[in-house]
Structure formats: structure tokens, C-alpha cells
Number of protein chains: 2
Amino acid sequence: MDVKTLCLGALTLGDASGYEIKKMFEDGPFSHFHQASFGSIYPALGKLGEAGLVSMREQSQDGRPDKKMYSITESGEVALRRKLGKTPADDRIRSEALVMFFLAEYMQPERLEKVFDGYLKSYHDKLNCMCEPDDSTLPPHRQFTRGLGRAFYQAAIDFMEENRHLLLGEEHSGDAK
Amino acid sequence: MDVKTLCLGALTLGDASGYEIKKMFEDGPFSHFHQASFGSIYPALGKLGEAGLVSMREQSQDGRPDKKMYSITESGEVALRRKLGKTPADDRIRSEALVMFFLAEYMQPERLEKVFDGYLKSYHDKLNCMCEPDDSTLPPHRQFTRGLGRAFYQAAIDFMEENRHLLLGEEHSGDAK
DNA sequence: ACCGGCATGTAACGGGTTACATGATTTT
DNA sequence: AAAATCATGTAACCCGTTACATGCCGGT
């Protein structure tokens, strides 16, 4: 599944600019299962436009630069449906932090602790930005996706907090803070 | 973190061939936080050898092709420690299945159900191949890593089984099997 | 005055996957 | 007899990231 397809998917949520699509991958609904950078999004939107799968209109804004707002077209939806018809590839995860935990013996204890705390915090952040809006107004399949994301992050946070000692040792850490 | 570093990490578990390292990424301990293919592992081992970070000896086997067994050298360990000293990059996840769930409205219900069942099964499989060996003999930081992986998969499985209806509808599914 | 956020784009570079090439042996 | 597992390796290709290039506006 390439960035073109992902952009089509993003545009099913409503018209958006390249910049806004990027944010969907950073903070937004896509953030916990895919990511993409400007360098892939802008060319993708260009190609989708050439192929007639999206349309574009320029929108001037007061106080901010112009936006190029993209909309998915009917043939875009057809193309999206076709892409979604293919068997999904296996999940691909790469977590350098987990590699470090796995190889903890090769790290300095203080560094390990910093990496651990940073990792835990990043999960807290992701969980927070996934809780704000009220779920019950979302269509059920979106509730499912968000719920799964939350379950994911919550389980990881709980485990990490309860098992900190396995990785970092007893550390007379007690409950200082 | 490139495949070279990952190979060094894999070799800290003991000597191994390229083929065996590949399996570590497929089924083994690395499988839930990284993956790599032959096309990246073999060249990586070659380069590591040239750089003196691993050593190699050929091992003939009865009934099977020869193996090239690699060992990490002392300078290899130094290099690994240095690589692990860098700040870890953010986790990078790409899950086509979750994209499909997110865009469920654009999929045929029967296909969606098949994808869902396949995805759930793959998680069951991953969890199973992560439970067999007895944990208590592992060093604590490895218990941590495995435990986190398990917590991860278990939470996802529980959520998916409890919330199947959100994605697939009521389906008069009751408890037929 | 400077930094951060908004906004778009390009080009080079790197890295890994996919596919190809080969071959023996065991299981079905 | 075919398929799967064991075993190694190369080369082309794709795709995406990183870095660069540009510019305006608002807040500190």
C-alpha cells in the first residue's frame, strides 16, 4: 500500500491539503498505523491529480499562505476500492527502542533508563491525543479502529509501568518523583 | 538502525548463519519489533565481515547444505554499543489491515470479515510462538521484552474478539462455529 | 529580532524488498 | 512427483526519507 492509496483514504474523511494530510499521519487518525512525510505526500497528490483520482482547487486564506485543497473524485473512490480489494501485507513494525530493551546488557544503565522514560512518555502522549474527542459520535468501524489503538497503547503502558524493574533493576526507586 | 546493527544484535544471542538470523526476524525473538529479508541480511553479514565486526567459519552438515556460521567479534561488540548509544528513532508501524478497518465502508462485508479473521488469527499465532518456552529462565530484561510483546498481542486479541461487532455488524453470528 | 507554525515543493540519496538464480534433501 | 525446508547470494528496482529551497504571518 503506497502513499497514493493512503492519500485517497485520507481524502475520504473530507477535503484536505497536503499539509493537513501530513498532520493526519502525525497526530491524527492514521498516526498509529502508518506514517508519511511531505516528500512522499506532495508528489503522490500530484500524480493522483494527473490520473484524475483527485481534484484540486486553490484556496486563499487570510493571514496564511494559500492552500491547495484536494478532493477525491468518483474514479478515485473506484481506485481506492480496488486497492483495498488486494490482500493486506503483514504488519511491519520497527521499533528501535524495543531493540535497545532487548539488548539492554549492551547499554549504560542511565541511558537505558532515559530511553525507557522517553518511550513510556511517547506512549502516554499517543494515548492522550487518541482520547480527547468523544467516541460515541463516530461510526462503529471508526470506534473499532480507535479502540484498538487505545487498547494497544494502554496495554503497553500498563505493562511498562508494572515491569519497569525487570528492565532497570530495583533502583531503590520506591516512589520518588 | 540498519540491518547491519540488527545482525550484530542477533549474534549476541550466539553464533548463527544468515538463514538462522532471518528466522529470528520471522518467528524468533526479533519478530515483533523488526523484520529483514535475505536480500538485506546476506550483504550486511558480508560487510560486517569485511569490517572485522564478525568472523565466519564454514560448517558442513550431513544431509543439508553447508552453513556459514557467523560470530560477533570484540570490535563488533564495541560497534554495537556505539550504535545503541544513539537516540532511538520513533517507532514506525505500517499495518495495511488497520488501514482497511479504518476504511471499512469501502470494502465488501465478506472481504472485510475475511481480512479480520486472518488478522486475528495472525495475532493468535504470534502470541502462541511467543509463549512456549519458559520465561523464568530468561534474564529479566528479556522477560521484559517478551512480556511486552505478549501484553501487546493479548490486548489486541481481547479487543478484537470483544468488539468484532463494531466492525462487522451484528451478523446474527451468535456463537455458530 | 527570532522562532515556530503554516504552506508547498524538489532532488539526491539510501535502504530494503522483490525477484531471480541454484541446488540438495526431506516430507507429503 | 511435487512441495516445502534448508541454504546462499546478486541485481534491479521502488519507494520513501532527508535535506534543501522559499516565504508569510503571529507570537515572544
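This briefing covers the symmetry, surface patches, salt bridges and selected residues of the structure above. The structure is a predicted model. Chain B can be laid on chain A with an RMSD of 0.1 Å. Over all chains, the structure holds 18 salt bridges. Its surface includes a positive patch built from arginines of chains A and B, and a nonpolar patch in chain A.

**How the chains are related**

- Two copies of a chain are related by a rotation about an axis and a shift along it.
- Here the turn is 180° and the shift along the axis is 0.0 Å. That is the relation of a two-fold axis.
- Among the residues of chain B, B:I93 comes closest to this rotation axis. Its C-alpha lies at 2.3 Å.

**The positive patch**

- Four residues form this patch: A:R92, A:R94, B:R92 and B:R94.
- Strand 3 (92–94) of chain A and strand 3 (92–94) of chain B each supply at least two residues of the patch.
- A:R94 sits in strand 3 of chain A. Its relative accessible area is 36%, so A:R94 is partly exposed.
- Patch members need over 30% relative accessible area. A:R94, at 36%, is above that cut-off.

**The nonpolar patch**

- A:Y19, A:F38 and A:Y42 make a nonpolar surface patch of about 310 Å².
- A:Y19 belongs to helix 2 (residues 18–26) of chain A.
- The relative accessibility of A:Y19 is 49%, so A:Y19 counts as partly exposed.

- Side chains of opposite charge can pair when their charged atoms come close.
- A:K22 and A:E26 form a salt bridge. Their closest N and O atoms are 2.7 Å apart.
- The two residues are four apart in helix 2 of chain A, so about one helical turn separates A:K22 from A:E26.
- A:K22 counts as buried, at 14% relative accessibility. A:E26 is partly exposed, with a relative accessible area of 46%.

**A salt bridge between the chains**

- A:E105 and B:R142 meet through their side chains in a salt bridge, 3.0 Å from N to O.
- This pair crosses between chains. A:E105 is in the loop between helix 5 (96–102) and helix 6 (109–128) of chain A. B:R142 is in helix 7 (residues 140–162) of chain B.
- A:E105 is partly exposed, with a relative accessible area of 45%.
- B:R142 has 11% relative accessibility, so B:R142 counts as buried.

- B:D125 pairs with B:K121 in a salt bridge. The closest N and O atoms are 2.9 Å apart.
- Both residues lie in helix 6 (residues 109–128) of chain B. B:D125 and B:K121 are four residues apart, about one turn of the helix.
- B:D125 counts as partly exposed, at 39% relative accessibility. B:K121 is also partly exposed, with a relative accessible area of 48%.
- In chain A, salt bridges that share partners join A:E113, A:D117 and A:R164 into one network.

- A:G147 is in helix 7 (residues 140–168) of chain A. At 7% relative accessibility, A:G147 is buried.
- A:G147 and A:K83 are 64 residues apart in sequence. In space, their C-alpha atoms are 25 Å apart.
- A:A89 is in the loop between helix 4 (74–84) and strand 3 of chain A. The relative accessibility of A:A89 is 40%, so A:A89 counts as partly exposed.
- A:A89 and A:M1 are 88 residues apart along the chain. Their C-alpha atoms are separated by 8.1 Å.
- B:C7 is in helix 1 (residues 3–11) of chain B. With a relative accessible area of 0%, B:C7 is buried.
- B:C7 and B:P109 are 102 residues apart along the chain. A distance of 42 Å separates their C-alpha atoms.

Conventions:
Residues numbered from 1 in each chain as written. Chains lettered and ligands numbered in written order. Predicted model: local features only at pLDDT ≥ 70, side-chain atom pairs only at ≥ 80, totals over all residues. Heavy atoms only, no water. Patch = residues over 30% accessible without salt bridge, like charges linked within 9 Å, V, L, I, M, F, W, Y side chains within 5 Å. Areas by Shrake-Rupley, 256 points an atom, 1.4 Å probe, with all protein chains shown as cover. Lys, Arg positive; Asp, Glu negative; His and termini not counted. Charge placed at Lys NZ, Arg CZ, Asp CG, Glu CD. Buried < 20%, exposed > 50% of the residue type's maximum accessible area, 1.4 Å probe, protein only. Least-squares fit on C-alpha atoms with pLDDT ≥ 70 in both.
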